[in-house]
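Me: I'd like to learn how to read a structure like this one. Could we go through it together, starting with what "buried" stands for?

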Amino acid sequence: METTLLPVPLAPEISLHLAGGGVGLFDGTGGEFSSDVPPPFWLFVWAGGQALARHVLDHPEIVRGRTVLDVASGSGVAAIAAGRAGAARVTALDVDPLAVAAAARNAAANQVVVDTRTADIADLDMSADVILAGDVFYTRTVADRMAARLRRAGREGARILVGDPGRGYFPERLFTQVAEYVVPVPAALEETEALVTGVWEMRATPAGR
């Protein structure tokens, strides 16, 4: 599917190679879902990633001089924001090799250095000062695995920030909301033109729990 270099609606300082506004998630797959091929999430800039990017750009002290991981990075928008905000090192991780390639391409378009890696949640090396995760709680299975892995990273000392627009499987009990944004989104993707999206910080979990 062809893409166009477009400014991110909530963070226009960043431009990404994205699908056009009238394109839906499965349009590039003949309208069908296949469990063998990840949907092309990286063709779009999702609300959670936009909110994280805006928050990091507005509060660069969160990442400045620190190591940052953008988990399930997709287009790489949060990773790119961290790079622009002065992070010492940024890594974008995704299970889909096409997403990893897209994040690298988008980082280059924004003239920031982002290390990109293909990895499954269970295999992630989450050794970092700050972990960013946008729109990662979209199914029960993924949400449970992601929450467990993020909690483990938190016990190991990482600061964890999540962007979520009220997905049904977001484990709100584990987080404290630190910001809220009204995020423009494609109607073909979300069936609305804006989503109220929170940025949430994971609460400290005692070691051994």
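Reply: Happy to! Buried means under 20% relative accessible area. Keep in mind that this is a predicted model.

Me: Is N110 buried or exposed, then?

Reply: N110 has a relative accessible area of 10%, so it counts as buried, given that the cut-off is under 20%. Its place is the loop between α3 (97–109) and β5 (115–118). The side chain of N110 reaches the backbone oxygen of N106 at 2.8 Å. Leaving aside residues up to four places away in sequence, N110 touches E13, I14, S15, L16, I80 and R84.

Me: What is the nearest side chain of opposite charge to D164, and how far away is it?

Reply: A salt bridge needs the charged atoms within 4 Å. For D164, which is buried, the nearest side chain of opposite charge is R167, 5.4 Å away, and D164 has no salt bridge. A polar atom of the D164 side chain does lie 2.8 Å from the backbone nitrogen of G166. D164 sits in strand β7 (residues 159–164).

Me: In what order do the strands of the sheet run?

Reply: Seven strands form an open sheet with mixed pairing, in the order β5-β4-β3-β6-β7-β9-β8. β5 and β8 (175–184) are at the edges with a single partner strand each, so one side of each has no neighbour in the sheet.

Me: Which strands does helix α4 touch?

Reply: Helix α4 (residues 140–155) packs on the sheet and touches β3, β6, β7 and β9. Its direction makes about 150° with that of β7.

Notes
Residues are numbered from 1 along each chain as its sequence is written. This is a predicted model: local features need pLDDT of at least 70, side-chain atom pairs count only at pLDDT 80 or more; totals for chains, interfaces and linings use all residues. Side-chain values use heavy atoms; hydrogens and water are left out. Helices (H or I, at least four residues) and strands (E, at least two) are DSSP runs, numbered from the N terminus. Buried means under 20% relative accessible area, exposed over 50%, partly exposed in between (1.4 Å probe, protein chains only). Lys and Arg count as positive and Asp and Glu as negative; His and the chain ends are not counted. A polar contact is a pair of N or O atoms within 3.5 Å; within protein, one must be able to donate a hydrogen and the other to accept it, and residues adjacent in sequence count only if both atoms are side-chain atoms. Contact means heavy atoms within 4.5 Å. Two strands pair if DSSP finds at least two bridges between them. Axes are lines fitted to C-alpha atoms, for helices over the stretch in contact, and angles run from 0 to 180 degrees between N-to-C directions.
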